[in-house]
Amino acid sequence: MTTTLFVAGMSHRTAPVELRESLALEEDKLREVLAGLAARGVAAELMILSTCNRVEVYGVAEAPGEARAAAFRALGAHRGMTLAALEPHLVATSDEDAIRHAFRVAASLDSLVVGESQILGQVKDAFALAQACRTVGPVLNALMSQAFSVAKRVRTETEIGRLAVSVSSTAVELARKIFGSLEGKAVLLLGAGEVAELAARLLMEGGALPLYVANRTPARARDLAEALAGKAVAFADVPAVMAEVDVVIACTAAPEPIVRVADARAAVQGRRARPLFLIDLGVPRNVEGAVNDLDGVFCYDVDDLQQVVDANRRERQREAQRAEALVEREVGRFLVRLRDVEVVPTIVSLRERLEGIRRGELDKALARLPDATEETRQVLEALSQAIVNKVLHAPIEKLRHSSRAGHGLRWIEVVSEVFGLRRGSGGRDR
Amino acid sequence: MTRALGVNAILYDVALTAYIVAMAAALGHLVRRREGFWRLALVATQAGWLFHTMAIVVRGVELGRLPILTLPEIVSVVIWAAVLLELWAERQYRVRALGAFVLPVVVALGLVLPTGLRSLALEPSIRSAWIWVHVALALLGLAALVLNFAAAVMYLLQERQLKTRRPSAVYYRLPPLETLDRLSHRTLTLGFPFLTAGLLLGVLWAGAAWGSVLAWDPLALFSVLMWLVYAATLAGRTIGRWQGRRAAYFAVAGFGLLLLTLCASVLLQGKHGA
């Protein structure tokens, strides 16, 4: 009679990429699988999450093992794979562990790149699909709505998804720490290089505009400017352009620094109160070290950026720990909520049953009192309601307390028996 | 009367205790970044402010006048307004670290208030309707300048982090330089007109009452000095478009003078204090 919440599936931790890829199905196929499983009554509730990194089945069933087997047999069948081939890569958890898993997945703590933001959308899609297929019940509904709120809290209360761990995104993050918004900040790209171009692209995605591109080879500058939707400028004009821009990305192969203290000072003097951020990706350095000493100028070379990347990594680990602690607290909360879910149907039918009796008896009594005044009617109404409430108080309290203490099912049975409620209305089964 | 005074003092102590709790939590949040710390700081600040409000109201009722005549009363209202502004700015600018910088100032001033400062009363010759407007305006200005100071300190810290290129915990907690610069500019533009109007009224009034515009009074002198520093900062920002760092140094200097002004009125006997 009791049902269990379970999660079963494979992820980047347990299965090779070829297997995951071949098992990941398109939406209409998933719809088919869900509908088929639901029609066979394999599980009370079911949801399938299918991404390139994980294929997982979330469900509520009386026999989770059978439900899992049926689900993966159906998933494998679409690709001509037998359950036996999939079984070794499947990991199954239930109850508290399943709840934790659901929260960690949605919050991107179980992702290949921890803190990436795509997974939440994918979980939401999977949930929407299951809702459309009508395979979602009260438990999955509660689980997923809480998983979404956990994911949101992790994203807003920790920096897990925000700290950059690559050189180019770290440079952009530093720009944000200096300028706040990148909207309308002008960028000058000196030279070319993969990291430099990526940083320029990221800055522009953040709203930076315009982008100037300078190169010793004018043709190269033109090509790059075209590719990055920027504007090519002559190398001789660099000092003048530098006075205009907010961010300079230098990445040339010049053996000597090309931005000297005097150049930087001249660039800052004309600008009044706007900081200048120099990202020096050249090895050897393109910007003279002493430039950083100028007021309002911030200069980071490759080593400096690497330092920040390392600091970000350490900070990210601390943030991940905070996120895990947050998930842990939410799991505890959900367990309480789940137990309430368990007894709520019984409480509802108990109320309905007694209310039905009360109404019936009250109508009978009033039928025998045709001359009753409005006042008498009200007194009778209040009297019957008070009796019902007093009778209900003890069993309802008992149900709530026992469910929180973890033995709700026993009391659901007792109460159902004593009050002659419809069996099967209590608990998670439907 | 003495019993009523007790109520006011108790309310004030409760408020101050809440501010101290809030400060500890805000500093804890700055270092450990626990969400709970920030919430605690916010709730304690709000609770402290409510108790503080009650304390001021009770004080006003028992005195039968606005409680901004003696120095302790003035300091009390300054920090009351500063806390209110802090709650607003934290929300407006999304600077969660703000409490960690404003609350220490609030607590320091609040602790000094009952012990270090004697209950100074104004001499009878300067009691007039003007005085209320003068003091009230100056107070609003001072409260904004407490925030101006906090923003400046945060700016200098964050600027140092970015210059040294070795990020520590502070780097992650503090908002962008630009945000801090805007906050300090905003609080200056907010506080300065009030400060100016307040001081101007004082000067005009002093001319009428004492016969001289700049009577030899330490509070008046330091006030003018402080005003000059803030005026220079505002001028530098508007006309010269100063770098945030210079403006921040001036904000710190201005606040130093502000504290000196308060001290001067206690230590040196002038016409403001009797």
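The model is predicted: local features need pLDDT of at least 70 and side-chain atom pairs count only at pLDDT 80 or more, while totals for chains, interfaces and linings use all residues. Residues are numbered from 1 along each chain as its sequence is written, and chains are lettered from A and ligands numbered from 1 in the order in which they are written.

**Figure 1. Overall dimensions and domains of chain A.** The domains, with bounds from an automatic or database domain assignment, are domain 1 (4–157), domain 2 (167–310) and domain 3 (341–430) of chain A. The C-alpha centres of domain 1 and domain 3 of chain A are 39 Å apart.

**Figure 2. Helix H5 of chain A and its surroundings.** Helices (H or I, at least four residues) and strands (E, at least two) are DSSP runs numbered from the N terminus. H5(A), residues 95–106, reaches 17 Å from first to last C-alpha, close to the 16 Å expected from 1.5 Å times one less than its number of residues. A residue is buried if 20 or more other C-beta atoms, placed from the backbone, lie within 10 Å of its own. Nine of the 12 residues of H5(A) are buried, so the helix is largely enclosed by the rest of the structure. Among them are A:Ile99, A:Phe103 and A:Val105. The buried residues pack against elements including strand E1 (4–11), helix H7 (138–157) and H13 of chain A. Just after H5(A), A:Ser108 has a positive phi of about 65°.

**Figure 3. The largest nonpolar core.** Such a core is a set of buried Ala, Val, Leu, Ile, Met, Phe, Trp, Tyr and Cys residues joined through C-beta atoms within 7 Å. This one has 131 residues, and A:Ile279 and B:Val146 are among those with the most contacts inside it. Helix H5 (residues 129–164) of chain B gives the largest share, 19 residues.

**Figure 4. The contact between chains A and B.** Two residues are in contact if their C-beta atoms, placed from the backbone, lie within 7 Å. Chain A contributes 20 residues and chain B contributes 15 residues. On the side of chain A that touches chain B, H13(A) gives the most, with five residues.
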